[in-house]
Every structure is written in C-alpha cells, then in structure tokens.
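Please read the following walk through a protein model with the sequence and coordinates open beside you.

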Amino acid sequence: MSSSVDATSTSLAEDLQDLQLDRPAKGLKSVEELEKLTVDEHLSDIERSVYLLSSGQEVQRISVIHNLPDLLRDTESHDECMRRVVPKVREVLHLAQTDMQLAATSAFLQILQKNLVPIQNYSQTFLQTILNSVDSKDPDVASAWLDTLLDVIDLLPKEVIKKEILGSAISKGQLAQSVQSRLACCRILGKISTKFEPFVIKKEILPVVQSLCQDVDYEVRGCMCRQLDCVARGLGLEATKSAILPELVELTNDEECHVRIAGLETVVNILSLLDAETCGTTIIPLVCKICQQAVQAEDATLPVVATQLGKLCHGIADNLTDEQKQWFIDFYKKLCHVGLEKNKASSRVTTPVIDKDRGGSKESDLTDIFELEDKLVECRKNSAFNFPAMVLFCGAKQFKPDLHVTFTHLCKDPHFMVRKTISGGFHEVCKLLGNSANLIQSDLVALLKDESIEVLKGVVSNMPAILDCYMSSGSNHTVSESKSGPLSDIIPAFLASENAVFTSNNWRLQEMLMNNLSCLNKCYSSENIYNKVIPILRQKLLKARALPVKVAAARSLLKLTRKVKKREQRDEIFHGLIHEFCHARKCYLRNVFVDICRIVIELYSKKFFKETFYEYLLELHTDSVPNIRLNLCSILPDLKRLLILPTDRGLLQQLDACVRKLLVAEKDKDVTDGVQSALEELDKIHIPMQSMTRRNLFEQDLEDQKKEEEEKLLLDNEEKEMKKEEEAAEKKKGDKRNLVSAKKGSENGSSSKIPGPRKGSRAGLSGSNSTTKNDNKPISPNTKGAGTSNNKLVKSKSINCLSQIPRRDGKDLSKTKIVSPAPTPGKSPGNKVQVNSNISKASTGDSNINKKRVSSPKLSRLPLYNSNPNLHPGRPSSPSLIPIKASTTSSTNKTIKATRGSGIPAPGSAGTRRASVPTISTSRRGSLSGQLPTEVTPKAKGSNGALTPSIKERKKSR
C-alpha cells in the first residue's frame, strides 16, 4: 500500500515539473545566437527586409510582413519594394508556418483596402497568392485565406472577378475535389453571385450550385443551402421559382438535421424576394410541415424553429388567412410550454438497470436526457426572445385573449434563463401594447421580485423605458395623484429590488440601478421622492463598496433633488452632503465629496455651486490625506471656469490662496505634480467680465442661464404655493368666523340687517350706524380735546381727524401709510390734541357737535418708523415698525411741544439713536384741504421703559 502511494506521489511530482513550461531559461543567449539576430544599421529598409526574409529568424520575417503596407506606402521605395520584397514574400509563404501565414492574410487585405497597389498589379501578385493558399492542407490557414479572399471580392471589380476567381471557384466545386475545396467553392459562389448579371449566373454558376445541393456530403449540402439566398437574389424571381425553390424544398426535407436547419434559415431569408402567390402556395405549407416535424421529433431543429418563428411570421403575415394566422399563434403557445405540460424530462429519469454482460444500461442514458432537457429549455428561451415579434404579429387588441396567459407563464417559468430572456424584452412588449400595457403590470411586479440577479438585470436595465410606457399609456399622473394606478404597485417593487441587487457582488448592476432611480422624477411626487427614494440613495452613497456605485447614487440624488419642491428639504439634503462627506472622519468619504462637486457643477448653475459648495470644497486643500488633495487638484480648473469678474473677485482670491499654499507647503510628490499640471491649465483659463458675458453668450453660458432660471422658477413656485396655502387658511378662518356670527345672530333673533357694534366699542349712540358704514376705512380720533372714555379714541366732526390711524382689525400695521399734511390756514394754532395712553378726551368747547364713540387701537399699537437706511447689507436692518408700549404712570400724561423735525427714538436704554418720524395726517374726511399737521414727540419714560408720546398742533407757517 505504501509503495503504491510513493509511486503516485513521484509521478505527480514529475507531471508538475513537466507543466512548468514558462520557466525562465537558465542561461543567456550565446554569442552565435546574438550574431544571427544582429543586422547592419547602415542598411536601408528595402535591403534590411530582403536580408531578413532570406536569412532571418521567424520572428524577423513576421515583422517584415507586418511592415509591408508601410513599405508600399512610401513613394520612394514603392517600386523597389514591388520588385524585390514582394516576390521574396510570396516565395517565403510557400513553406511558412501558421503565424507568418496569418500575418500575410492581414497585410494583403490592408494593401487592397488602402489602394497601395493598382488593381492590375494586385491581381497579378497578391491575388494569385491568395487563391493558391486557399487550398492549404492546414485547415486553420486555409480558412484564414478563404476569409481574406471573400473580403477581397467585395473590393475587386467585376472583370477581375470573372477573369481570375470565377474559373478557380468552379473548378473547386467538382465532385473529384476534396470536401474542403467544395466547401470553399460554396462560399465563393455565394459571394460572387451578386456581382454578375442573371444570364451569367444562370449559365456559369447555377449548374454548379445545383450539383452542390445534391452533394453526397451533408456538410457541403448544408453550406450550399445557406448560400441559396445570395444566388436567388442574383438570379431574380422567375429563375428562383423554377430553379432554386425545388432545391430548397428538397433540402428542408433532408435526412440530416444540419441540412434541415440550414434550409429553414434560407427560407426565412428568401421571403422578402418571393411574391404573394409563391408564399401562399409553396412557402407557407413548407413552413407548417417543418414546424410539425420539429415538435414531433424534439430534435435540434426545435430550438432553431423557435428562433426563426418571429421573423417567419412577420415575413408571411400579409399572405396568411385568419385560420393560418391562428395556427401559427397556437403553435407558438406550444413552443412556450414545451417540456412543462407533462414534465417529460423528469418522467423519463428512471433508475437504470445495469446489464452485467454488456456493462451498459437498458434505459436511456442520463446524458441524453439532460441534453433533451437543455434543448427544451433553449426552445422556451428562444420563444421568449421572439415574444415581441409575436405581439406585433397578432396585434395589441388580440393580446389579451391570445398571448396574455402565455406571457404570464414565461414570466414564471421554472428556469431562470427563460425569465431572464422575457425580462430583457419586457420594455418592447410595453411599447407594442401601448394603452394596454396595464395588462402585464402584475407580471412586471413578479419579475421585480424575482430572486435571480440575471432576471432583475433585464428589468432594471430597461426600467426608464418601461415607466415611460406606463406614463404615456394612461393618464400622466404621479403615484400620489392616482393611488390606484399601475405605478402605485410598480415603483415600490422597483425600490424593493435594491435589496436583492445589493446582496450580490455585481457592482455593474448596482450602478445601473442607482442610475435608473433618477427616472422616478417623472412619475413620483416630490414628497415621495424625498421620503422614499432619497433615503435609499443617501444610504448607498455612504455604504456602497464600489466607487462607481457611489458616483451613480450621487448623480441620481442630485438629479432628484432638483425636483424637490420644498426649499427646507433641499437645504437639508445639501447640508447633509456637506456634513456627511466634506466633514466626514473617513477619508474615502471626503474623497467622494470631490466627485459630488463635479456632478453639482454639471447639473446645477454656477451661481448655486458658488453659494453652496465652493468654499467647502476649497477647505480640502488642508486635508491630511494626500489622495484627497490630489483629487482636489484635478477640479481646480473647473472652479476657475465658474468665476465672473468683478462679482467673484473674493472667490478668485480664495482659489489663488489655495493654489499658492499647495505650491509652497506641499511635500507629497504626486500632489506636487498634480498642482503643477493644474496650474498650467489654470493659466490658460481666461475669466470673463460680467459686462462681456451679457453681450456674448456662449453655449455653456446659455445652458447655465437655463439651469439658473429653472432654480429660480422652483423658488417662485414654492412661494406661490405658500401664498395659496395662506390664502386658503385665511379664507377658511373667514368662513368659520362668518358661520359663528351667523349662529349668534340667529340665536339673538334679531331681524335687523345692520351688524352690531365691533368688539370693544359702545353701542347705543346715535352714530353707531355711521361707524358700521365705514367699517373698512381707518378711524381717526377727535383732535380738539380729550375726554375719558375707557381707553378708546373719540371721533368727532372736527377738521383735525386722524383718518390714517389703523384700526385694531388684525391687519398688518406695516402696510399703513402715514403722511405728513401741510399746515392749513384759517385755523387757530391754540387747539391742541392731547392723547394719553390710558384715556382719550373730547374737547369741552365744542358742545354742539354730536359725539360718537368708536373702537380705536391703543397708542401702543401705533407704528414707529425709522428713517435711517440700512447701510450695511448682510446685517439685520433696524425694524421698520416698532410698537410703542403704553405707560401706566401719571408722569406720562404731560405733553411736550412738537418741533419741526423732531422724532421718536426706538425704545430701549439711553443713548439709542433718535429717528425722525413722519407726521400723521389729520385731514377732514372727504376734503383735500384744511389739514392740520401734527407730530408725535417723546416726553418721558414710563415704568415699563416705553416712551409716552403726545400729539400737538403745529403753528401756522404763515
């Protein structure tokens, strides 16, 4: 036992030593070998080529043949090359090895393609070598020269082909020649048939073609059958019906499966040439017979029939009756279910009974069973590939009764290759169905939930086209607008497929999924994008392994962010990118931030990038990791292209400081080289002036302007929506208030249409009706005197009325306009108006005037204007409206004479600036004259720190 183990280990060691083929040579080249490879440097190209072809090594000869087109291109050495080098090449090729022969095939074809030699010279030299080499005994060499000859035929004129090639091809097709020569003859005849007139083909080529179709070797018959399409196109319709079709019908009934397959392929290719009568009488019965034989035999022809059925039905669709059309549809259904109905493959697997005498099996061999199962799977796979063609054949209207069930079975086929094929053509089926695409919605959801990565790849890669079909088929509503639509089920399944995709190691599929998520902006609402899609992208941007996946996630994230309507959500996304990547602790995340900035520059406007990311990106020049600084250097030129002078002078200074610091303080060699290359490119970039860019707008400027307009439009739409929401809320409150007041009126049982007094005013006076009439106008108090009336201002018929003081009705005080009237002649300046923060008194001298009490705001509600402009933009400006608090102390009841140009300082501590305040108009209602100017002047501070104003008439100017 031990001796056998030792022998096995010894033989294994010897085998391993023999397998070490690429071991380096132990010794160096000898002096003699070096002398053989040495060539005199003073020789010319022609002389060196002749020398190497004569006495050089194999590698040197191959090098000369490769350089032969270059020698012929040189006009000075062209004639000498044709006279000395080309004959030497033809001489060497007779006994050359395979590598040299393959090099010669490529060189000879290049010479003709580049017209380096006249056609006559080429036919006398190179073409003869090609024709002779086709008969090489080495099959690889002969096949290579035959392919070269077929390519050369396309470039040669008809006369040369007829003189040099036609005779040689016919001689190769004789029965006495070898099988290899007859196979070459079939291919050559098929190639040259399209070059000649029909009578030449009928006289010279057709007899040889018919002979080869009846050849004793099945390979020759099959090869010639595949060339009948070209021969028929050269002959024409009438000759084809009389000479080619009988041969084709016989070949499709050949005993060899290989020939029948070739016959079926030729029938499909020849359909466009035949007329309707020929198709109806000959081709359609022939095809039906081929299909029935393939299903019965279940041989190698069955997958081919499934492959060609789509083209076949499309070619003969115009010549079919309704019954024939239904027959082909039913036959296609059988192909889609073959191998599944009775589970034939599994039923045939039985336990083999071994015959001891024969040493074999009485049952079918397992290998044959597996081969049959593979053929059936391939048949269903090819049928799934042809499903779009069959949908086009039967029509979208007949899809539901004829093919819908079959399509569902293919999507749920037990073999993943079938499901993969049908998923790859799903978008084509959607396009063909049009408005009926909703029928296959459940099938799409099933494919998106498939466990196989290959199946998901077919759907995910075409998801944008599928969603476009569903958007255009029905109403163009998003998921949030039509929750019962097909997209409400498809998009969640699409988003859920990322779990299965990211469990695999196929990073290309992951990248494709991240890129295709950006197509959801057309069919998903802004809230759904922000709440469901963007979290997935941000997670993959942080945790995906492959860098291309991160870049794809960043691109889709930034594309979808442009469609988010709310500004707070967009700002949160951008701040998250800056915080999670630019300020991240992990260096690879900071490196990704540079790639994110590249995408932002591409997708967003220059203004947005400069306001949001510019300074954060430049901060990375102080990063401790050299790779990040190196990546930053590559984006510096793009930053300079964003700038416009003189607006961005500060940003340019920051960029210059960054480059200067990298040049001075950088110690890493790679980063230093990157900075130098970036600096060279920066010097070439010219920064435009703002005035020049307005005049001359380039294509990039127009694109940037369009992006900026889109961003502004997004902000405007957001403001409009906010205003609409506010108006709707105010309207709702108004309706509610009216409803409450109506209920109160009904409860009181009042039949009067005049509304009651406002809250805070006294009813029962004779002027209450007048007060209600002017409810929408500002109410001014009497300016002649003041009387105690429970902190309410009193309005009289005096000339000096504060008609511009706003009422306490919930309106914005900042919209109240206060004007300073001119002094009115004819009025006594002795009349003073004194307004206390606690009471408002009426004048005792005007006893004959009917007085009425109205609701008026407290003086603490009066606006205080600041006349000092804000000279420092960016700092918060002083408030335009400052409420003045009412004082409760008795010291505030005193008045101070108002002087011209006096004002009320803002409330606060001592030493604050005093601001002049415009005076309040006190004109009589309904007249433009007789105005009495008044001003509000401060007197003293109350206990709460507020200033107590007083109102005084101004003296007449004249």
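The protein chain has 44 helices and six strands, where helices (H or I, at least four residues) and strands (E, at least two) are DSSP runs numbered from the N terminus. The model is predicted, and local features need pLDDT of at least 70, side-chain atom pairs count only at pLDDT 80 or more, while totals for chains, interfaces and linings use all residues. Residues are numbered from 1 along each chain as its sequence is written, and side-chain values use heavy atoms, with hydrogens and water left out.

Of the 958 residues of the protein chain, 44% count as buried, that is, under 20% relative accessible area, as against exposed at over 50% and partly exposed in between (1.4 Å probe, protein chains only). Among contacts (heavy atoms within 4.5 Å) in the protein chain with a separation of 6 or more, 69% come from residues 24 or more positions apart.

Leaving aside residues up to four places away in sequence, Phe387 touches Tyr332, Phe399, Leu403, Phe407, Leu410, Ile422 and Val429. Phe387 is also one of the buried residues of helix α23, which spans residues 387-394 and has six of its eight residues buried. After α23 comes Gly395, with a positive phi near 95°.

Helix α6 (residues 78-93) and helix α7 (residues 98-113) pack at about 140° with their axes 11 Å apart, the axes being lines fitted to C-alpha atoms over the stretch in contact and the angles running from 0 to 180 degrees between N-to-C directions. The two helices are therefore oblique to each other, given that angles under 35 degrees count as roughly parallel, over 145 as roughly antiparallel, 65 to 115 as roughly perpendicular and the rest as oblique. Val89, Val92 and Leu93 of α6 meet Met100, Gln101, Ala104 and Phe108 of α7.

In the second pair, helix α14 (residues 218-226) and helix α17 (residues 257-270) pack at about 5° with axes 8 Å apart, and α14 and α17 are therefore roughly parallel to each other. Their contact involves residues including Tyr218, Arg221 and Arg226 of α14 and His258, Ile261 and Glu265 of α17.
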